[in-house]
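Subject: Structure for your review

Dear colleague,

My notes on what was found in it follow directly after.

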Amino acid sequence: MRLSTRIALAVGCTVPLLVLACGWLLLNLVARDLHRTEDQHLRQRAVAVAPEARALLRATANGRPKAADTRERKLFSAALDVGVRVVGPGADFTGGPQPGPTVALPGVSTGFATVRDGARSWRALARPLKGPSVSGTLWVFSPDTADRTQLRLVRRRVILTAVLAAPLAGLLAWGLATGASAPLRRLTRRTAGLDPRTTTARLPEERTGVREVDELAATLRTVLARYDEQAARTAEALDTARSFSSAAAHELRTPLTSMGTNLDILTDHSGLPDADRTEVLADLRREHARLQGLLVMLRELGRGDLVEAEAFRDVDLSEVADAAVAETCRRAPDADIALDTAPGLTVHGWEPGLRLLLDNLLGNALAHGRDTAGRARVRVGVHGGAGHVRVTVDDHGPGVPPAARARIFERFQRGPDSAGSGLGLTLVAQQAALHRGSVTVREGPDGTGARFEVRLPSGGDVLPGRRDWLIGTAGANRSQSFPKDPS
């Protein structure tokens, strides 16, 4: 059922009830006012005829018929337009308009009452008559004007008005509701053709002047925007899953083949010398470690591509750096690692991702930043700037040639003697881009080694438009200055 029809039916049923209720209240108020006027008139007539009624009872009790006749005429003359009835011991005098003699009077000795005689109603007032040798009751009657034809006519007209008000109010309400719901119908027509799966068309921001309709349109726009966002994130998640399986299959092929060859050697040559067996087992362990490291890196790269903005919060980068340096010193006790930072350097970011960034920078410095004597001396700095926080990691290794500085952040870029996965610096670049920052590499401050520098904005919680570090070969075209260009 349409909204306008519902409103018309509701108004069509409610208005007649309101008319009837108001009419009933009006009739009762008018009837009460008429009763009050009638009672006031009866009271005045009762006061006027009471002395004559007492005198009539006294003359009757004293056995004076002529005096009683005279008093009776005076009583009825004083009554004017009301009916009078005097009831006493052995006496009953009636005159004027009043109920018939067969109508029983109320069992009251004083006060007002309503007496019905067939179809007519009478208003009655009883007054006790007391005095020397006098005892009786004076009744004064007048027609009940509150039950006259005029009131019955008004009652019928109220009912007729209620009956006519039902369809008229329903039609009027239907017309008004149809006009008021026109913006809602237009919104329905606009949204009926919107299929988020097949079209990118969305609701325009038009004000109708009806607050509820505008709020509903805004809610629909928000829902469609969230649908688009979730659809994009779902597509990214599917692409990430496909890329993960493709990359894992591609990168795992060589180590798995090598491990298979070594296992064949161990199986087919049971009499291998101890030295050869030890070498084969060492190769297996290295390949196993490489596989494990590669899978861990791929997993972390996928997590970075799928992280949501709700995971971001204010993070003290000084504390994260201190924890990362402490863990690296524990794993590499021979390394000389120093941290230079100030407390309270906060960025709005994903804490696991920031820790991953620092862990991989430190791991890269330990793996590739040792001097000619094999010693690892790493200096980590976390410093604040104008609207950003700068993280530097310096080593004393051979450094990075200028021609290779743009490629070392790409996926699976490994040096000729590297046993890593080729994803450590890719993770660094990914996390820098995820936090709307940048990462660069150049010579160390004293002209030796390499300095990796990451700049992160202090505030902001907007994720980059594209996150495809695990998808395809998109990373191959990125420059040294991250984040990625939004699509």
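In this predicted model, 14 salt bridges are present. Side chains of opposite charge can pair when their charged atoms come close. Three of these pairs may interest you.

R71 and E52 form a salt bridge through their side chains, with 3.5 Å from N to O. Because R71 belongs to helix α2 (residues 65-79) and E52 to helix α1 (residues 3-61), this pair ties together parts that are 19 residues apart in sequence. R71 has a relative accessibility of 31% and so counts as partly exposed.

A second salt bridge joins the side chains of E453 and R442, at 3.2 Å from N to O. Here distant parts of the chain are linked: E453 is in strand β12 (residues 450-457) and R442 in strand β11 (residues 438-443), eleven residues apart. With a relative accessible area of 7%, E453 falls under the 20% limit and is therefore buried. R442, at 37%, is partly exposed.

E453 also meets R455 in a salt bridge, at 3.0 Å from N to O. The relative accessibility of R455 is 35%, so R455 counts as partly exposed. Through shared partners, salt bridges join R390, R442, E453 and R455 into one network.

The side chains of H388 and R455 make a polar contact at 2.7 Å. When neighbours within four places in sequence are set aside, the residues in contact with H388 are R455, L456, P457 and S458.

The remaining topic is a helix pair. Two packed helices are described by the angle between their axes and the distance between the axes. For helix α8 (residues 351-368) and helix α9 (residues 424-434), the angle is about 145° and the axes are 9 Å apart. Their crossing is left-handed. On the α8 side, the contact is made by G353, L354, L356, L357, N360, L361 and N364; on the α9 side, by G424, L425, L427, V428, Q431 and A432. Classified by residue type, the contact of α8 with α9 comprises eight nonpolar and five polar residues, with no charged residues.

With kind regards

How values were computed:
Residues are numbered from 1 along each chain as its sequence is written. This is a predicted model: local features need pLDDT of at least 70, side-chain atom pairs count only at pLDDT 80 or more; totals for chains, interfaces and linings use all residues. Side-chain values use heavy atoms; hydrogens and water are left out. Axes are lines fitted to C-alpha atoms, for helices over the stretch in contact, and angles run from 0 to 180 degrees between N-to-C directions. Helices (H or I, at least four residues) and strands (E, at least two) are DSSP runs, numbered from the N terminus. A crossing is left-handed if the near helix is turned anticlockwise from the far one by less than a right angle, and right-handed if clockwise. Contact means heavy atoms within 4.5 Å. Ala, Val, Leu, Ile, Met, Phe, Trp, Tyr, Cys and Pro count as nonpolar, Asp, Glu, Lys and Arg as charged, and the others, Gly among them, as polar. A polar contact is a pair of N or O atoms within 3.5 Å; within protein, one must be able to donate a hydrogen and the other to accept it, and residues adjacent in sequence count only if both atoms are side-chain atoms. A salt bridge is a side-chain nitrogen of Lys or Arg within 4 Å of a carboxyl oxygen of Asp or Glu. Buried means under 20% relative accessible area, exposed over 50%, partly exposed in between (1.4 Å probe, protein chains only).
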